[in-house]
Amino acid sequence: MILYTILIVTQFVALIIRSGTFFAMCIYASINLHNRIFFCLMRAPISFFDNTPIGRITNRFTKDIGIIDEQLPLCAYDLNLASVFIFLFIEKQQLKFFCV
């Protein structure tokens, strides 16, 4: 019984660490994208700002940041879960061959 308790607590701690690192990765990706877009926007020639309305620039900037903030975590988390299930499936198939 103590063994199962230790396994559950270990799994819970690993889940907390995994979620924390995943959250930090998403925050870092969002900050990095914002800085890169802003850097490129500040180095754009003046003719770009003369030809493009400021509202269009602002909408595009916020749309790209919004996609990263909203869609990237969901897609990356699903990809992470899918890779774990694929890994477990492959391991299960390999164990079948060794046990026969």
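## The aromatic pair

F48 counts as partly exposed because its relative accessibility is 32% (buried means under 20% relative accessible area, exposed over 50%, partly exposed in between, with a 1.4 Å probe and protein chains only). This is a predicted model, where local features need pLDDT of at least 70, side-chain atom pairs count only at pLDDT 80 or more, and totals for chains, interfaces and linings use all residues. Residues are numbered from 1 along each chain as its sequence is written, and side-chain values use heavy atoms, with hydrogens and water left out.

So what does F48 pair with? The count comes to 1 aromatic pair, and F48 forms it with F49, edge-to-face, at 5.4 Å centre to centre and 75 degrees between the planes. For the rule, rings of Phe, Tyr and Trp (its six-membered ring) pair if their centres lie within 6.5 Å; planes under 30 degrees apart count as stacked, over 60 as edge-to-face and the rest as tilted. F49 is partly exposed as well, with a relative accessible area of 30%.

## Helix 1 and its cysteines

Helix 1 covers residues 2-42 (helices are DSSP runs of H or I, at least four residues, numbered from the N terminus).

If you're wondering about the cysteines, C26 is buried because its relative accessibility is 12%, whereas C40 is exposed at 54%. The count comes to 0 disulfides, taking a disulfide as a pair of cysteine sulfur atoms within 2.5 Å.

## A nonpolar patch

V9, F12, V13, L15, I16, I17 and Y77 make up a nonpolar surface patch with about 640 Å² of accessible area together. Patch members need over 30% relative accessible area and no salt bridge; nonpolar side chains (Val, Leu, Ile, Met, Phe, Trp, Tyr) are joined within 5 Å, like charges within 9 Å. Areas come from the Shrake-Rupley method with a 1.4 Å probe.

Helix 1 gives the most to this patch, with 6 residues. V13 lies in helix 1 and is partly exposed, at 43% relative accessible area. Y77, on the other hand, is found in helix 3 and is partly exposed at 31%. The C-alpha atoms of Y77 and F22 are 8.1 Å apart, although 55 residues separate them along the chain.

A search of the whole structure turns up 1 salt bridge (a side-chain nitrogen of Lys or Arg within 4 Å of a carboxyl oxygen of Asp or Glu). D64 forms it with R60, and the closest N and O atoms are 3.3 Å apart.

Both residues lie in helix 3 (residues 54-99), 4 residues apart, or about one turn of the helix. An α-helix has 3.6 residues a turn, so residues three or four places apart point the same way. D64 is partly exposed at 24% relative accessibility, while R60 is exposed at 55%.

Note on methods
Helices (H or I, at least four residues) and strands (E, at least two) are DSSP runs, numbered from the N terminus. The expected span of a helix is 1.5 Å times one less than its number of residues.
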